[in-house]
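Please walk through this protein chain with me, helix by helix. Keep the sequence and the coordinates at hand.

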Amino acid sequence: MLTRIENILLGAGALAIMALGILIAGNVVLRAVFDYSLPDSVVIARELMVAGIILPVSAVTAARAHVAVDFLANRLPARIQLWLIALGSLIGLLTLLVFFYAGWRELSSTWHSGGFFFGDLSLPKWPGRFLFVVGVGVCTIRLVQLLFKDTFAAVRGESIDSIEA
């Protein structure tokens, strides 16, 4: 079930990136040809960037595809590497819990105040905040799962390949 949700969020993130490209290209063409700019294009681009970056994070985490510099860790014994992987999952989880809490507070505040962006369209602020909370929340759930999996693998001394998601 979690994998299905991650794939949906990955697809939504890809759509946000494509929409961002279309928005920017369209805005450039409109400015060059017609001397016209799409209203609130900067706000829309900023919100699409949030979706394009945050929504796929859980799928990247599940695939263990984050950028990592592990030239030193690869020189350590396999057992220590397992514990470092578990420690990385714990640190990631603690960090994401802070982001989730802050995102939830911002979403709640924006929702209750009815906050909006000042511009031609007066777009509401809550959709971007909501997407942030969803992306970080799903990734938090994935990191909880990985933390248990990684810790059990380290305790059992399983190979690194056996803990792949």
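This is a predicted model: local features need pLDDT of at least 70, side-chain atom pairs count only at pLDDT 80 or more; totals for chains, interfaces and linings use all residues.

Residues are numbered from 1 along each chain as its sequence is written, and side-chain values use heavy atoms, with hydrogens and water left out.

Start with helix 2, residues 41-54. Helices here are DSSP runs of H or I with at least four residues, numbered from the N terminus. Helix 2 has 14 residues and spans 20 Å from its first C-alpha to its last. That is close to the 20 Å expected at 1.5 Å a residue; the expected span is 1.5 Å times one less than the number of residues. Its buried residues are Ser 41, Val 43, Ala 45, Glu 47, Leu 48, Ala 51, Gly 52 and Ile 54. Buried means under 20% relative accessible area, exposed over 50%, and partly exposed in between, with a 1.4 Å probe and protein chains only. These residues pack against helix 1 (2-34), helix 3 (57-62) and helix 5 (126-156).

Helix 3 holds Ala 59. Ala 59 counts as buried because its relative accessible area is 17%. Leaving aside neighbours within four places in sequence, Ala 59 is in contact with Glu 6 and Leu 10; contact means heavy atoms within 4.5 Å. Ala 59 and Arg 142 are 83 residues apart in sequence, yet 8.7 Å apart in space, C-alpha to C-alpha.

Now the charged pairs. Side chains of opposite charge can pair when their charged atoms come close. A salt bridge is a side-chain nitrogen of Lys or Arg within 4 Å of a carboxyl oxygen of Asp or Glu. By this rule there are three salt bridges. One joins Arg 142 to Glu 6 at 2.7 Å, N to O. Arg 142 is in helix 5 and Glu 6 in helix 1, 136 residues apart. Arg 142 and Glu 6 are both buried.

Asp 150 pairs with Arg 64, with the closest N and O atoms 2.6 Å apart. Asp 150 lies in helix 5 and Arg 64 in the loop between helix 3 and helix 4, so the pair ties together parts 86 residues apart in sequence. Asp 150 is buried, at 0% relative accessibility. Arg 64 is partly exposed, at 25%.

Glu 106 and Arg 129 also form a salt bridge, at 3.5 Å between the closest N and O atoms. Glu 106 lies in helix 4 and Arg 129 in helix 5, so this pair ties together parts 23 residues apart in sequence. Glu 106 is partly exposed, at 36% relative accessible area.

Which residues does Ser 89 contact, leaving aside its neighbours within four places in sequence? They are Leu 143, Leu 146, Leu 147 and Asp 150. Ser 89 is found in helix 4. Ser 89 is buried, with a relative accessible area of 6%. Lys 149 is 60 residues from Ser 89 in sequence and 9.7 Å away in space, C-alpha to C-alpha.

Finish at the surface. Leu 76, Ile 80, Leu 84, Leu 87, Leu 90, Ile 91, Leu 94 and Leu 97 form a nonpolar patch there, with about 650 Å² of accessible area together. Leu 94 is found in helix 4 (residues 78-113). Patches are made of residues with over 30% relative accessible area and no salt bridge; like charges are joined within 9 Å, and nonpolar side chains (Val, Leu, Ile, Met, Phe, Trp, Tyr) within 5 Å. Accessible areas come from the Shrake-Rupley method with a 1.4 Å probe, and for residues only the protein chains shown count as cover.

How values were computed. Helices (H or I, at least four residues) and strands (E, at least two) are DSSP runs, numbered from the N terminus.
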